[in-house]
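Hi,

Here is the structure I promised to pass on to you. Please open it next to this email, and then read on for what turned up in it.

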Amino acid sequence: MPSLLFCGPKLAACGIVISIWGVIMLALLGIFFSAKSAVLIEDVPFTEEDIHNDKNPPQKIYSLYNQVGINCFIAAGIYVVVGAVSLCQVRLNKRQEYMVT
């Protein structure tokens, strides 16, 4: 029977730790981008033409803030999936540890 085990216990534990940190960091960034934090203006992808050619420039910037916030939440979701796979790998490694071959 094929095994679903594809990484060792240390790599799986490292994946869990990195996933927890990634979820926390990206969820907070998503919240701050959605709240349109002025500190994060340098990370919003806009150009000078976006400001000069638009009749209502704040709305364009606000929509870019929201898009970056959504991207952060999507990346946090990907980290949740990676953390779940790492957790499954930890459990499979523990089960393998107790099996007698």
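Let's start with a cysteine. Cys72 is buried, as its relative accessibility is 10% (buried means under 20% relative accessible area, exposed over 50%, and partly exposed in between, with a 1.4 Å probe and protein chains only). If you set aside the neighbours within four places in sequence, Cys72 is in contact with Leu26, Leu29, Gly30 and Phe33 (contact means heavy atoms within 4.5 Å).

Before going further, a word on the model. It is a predicted one, where local features need pLDDT of at least 70, side-chain atom pairs count only at pLDDT 80 or more, and totals for chains, interfaces and linings use all residues. Residues are numbered from 1 along each chain as its sequence is written, and side-chain values use heavy atoms, with hydrogens and water left out.

What about the other cysteines? Cys88 is partly exposed, at 46% relative accessibility. Its sulfur has its closest cysteine sulfur in Cys7, 10 Å away, which is too far for a bond. The count of disulfides is zero (a disulfide is a pair of cysteine sulfur atoms within 2.5 Å).

Cys72 also belongs to the largest nonpolar core, which has 10 residues: Leu26, Phe33, Leu40, Val44, Ile61, Leu64, Tyr65, Val68, Cys72 and Ala76. Such a core is a set of buried Ala, Val, Leu, Ile, Met, Phe, Trp, Tyr and Cys residues joined through side-chain atoms within 4.5 Å. Helices α1 and α3 each supply at least two residues of this core, and the largest share, six residues, comes from α3. Helices here are DSSP runs (H or I, at least four residues; strands are E, at least two), numbered from the N terminus.

The structure holds one aromatic pair, formed by Phe33 and Tyr65; it is tilted, with 6.1 Å centre to centre and 50° between the planes. Rings of Phe, Tyr and Trp (its six-membered ring) pair if their centres lie within 6.5 Å; planes under 30 degrees apart count as stacked, over 60 as edge-to-face and the rest as tilted. Phe33 lies in α1 (residues 9-34) and Tyr65 in α3 (residues 57-98), so the pair ties together parts that are 32 residues apart in sequence. Phe33 is buried, at 3% relative accessible area, and Tyr65 is buried at 3% relative accessibility.

Next comes Lys36, in the loop between α1 and α2 (48-52). Lys36 is partly exposed, at 28% relative accessibility, and its phi is near 60°, a positive value in a residue other than glycine. The charged end of Lys36 sits over the ring of Tyr62, 5.6 Å from the ring centre (this needs NZ of Lys or CZ of Arg within 6 Å of the ring centre and within 35 degrees of the ring normal).

Finally, the record. An unreviewed UniProt entry annotates residues 12-35 and 68-90 as "transmembrane region"; positions follow the numbering used here, feature names are shortened, and annotations may be inferred rather than shown by experiment. In the model, residues 12-35 are 96% helix and 0% strand, with the end C-alpha atoms 34 Å apart. Residues 68-90 are 100% helix and 0% strand, and their end C-alpha atoms lie 33 Å apart.

Happy exploring!
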